[in-house]
Amino acid sequence: MDKEENIILVDTDNINNEEVIRGYVFARPIRDDELEGYIINALYVKEEFRKHGIAKELLNEILKLVNEKNPSFIDINVMYDNEVAKKLYEEINFKPFRLTMRLDK
């Protein structure tokens, strides 16, 4: 896999005759030991468009595209205390896998 296999999806809507970005999702190929997979690095929905199913829609669409690449795994990053995101990811069958800890300086 190489960087040409990055995937980005953007959700837009026409509001007052202007195309507005409501959210986006980005995935890129990664390697973990000998396995090749993907990581969803960014999922964002503008605050005024949240709670309308846009994040779930974006996730489902990017998962379809990533699965066409036949990866060994798909990871997604989430902040430790983001319970809303964790619930969404668990609904789509993501499981806790790794914990990253940080020392602020």
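Helices H1 and H2 sit oblique to each other, a term for angles that are not under 35 degrees (roughly parallel), over 145 (roughly antiparallel) or 65 to 115 (roughly perpendicular). In this predicted model, H1 (residues 54-67) packs against H2 (residues 83-91) at an angle of about 45°, and their axes are 11 Å apart. Axes here are lines fitted to C-alpha atoms, for helices over the stretch in contact, with angles running from 0 to 180 degrees between N-to-C directions. The crossing of H1 and H2 is right-handed, that is, the near helix is turned clockwise from the far one by less than a right angle. On the H1 side, Ala-55, Lys-56 and Leu-59 make the contact, and on the H2 side Leu-88, Tyr-89 and Glu-91 do; contact means heavy atoms within 4.5 Å. Sorted by type, the residues of this contact come out as 4 nonpolar, no polar and 2 charged. In that sorting, Ala, Val, Leu, Ile, Met, Phe, Trp, Tyr, Cys and Pro are nonpolar, Asp, Glu, Lys and Arg are charged, and the others, Gly among them, are polar.

Stepping back, the protein has 2 helices and 4 strands, which run β-β-β-α-β-α from the N terminus on. Both kinds of element are DSSP runs (helices H or I, at least four residues; strands E, at least two), numbered from the N terminus. Of the 105 residues, 29% are buried, meaning under 20% relative accessible area with a 1.4 Å probe and protein chains only, while exposed means over 50% and partly exposed lies in between.

Strand E1 (residues 7-15) holds Asp-11, which is buried because its relative accessible area is 12%. The Asp-11 side chain makes a polar contact with that of Arg-22, at 2.5 Å; such a contact is a pair of N or O atoms within 3.5 Å, one able to donate a hydrogen and the other to accept it within protein, and sequence neighbours count only if both atoms are side-chain atoms. Leaving out residues up to four places away in sequence, Asp-11 also touches others, including Ile-54, Glu-57 and Leu-58.

Asn-16, in the loop between E1 and strand E2 (18-32), has phi near 55° and is exposed at 72% relative accessibility. Lys-51, in the loop between strand E3 (35-45) and H1, has phi near 70° and is exposed at 85%.

Residues are numbered from 1 along each chain as its sequence is written. Local features need pLDDT of at least 70 and side-chain atom pairs 80 or more, whereas totals for chains, interfaces and linings use all residues, and side-chain values use heavy atoms, without hydrogens and water.
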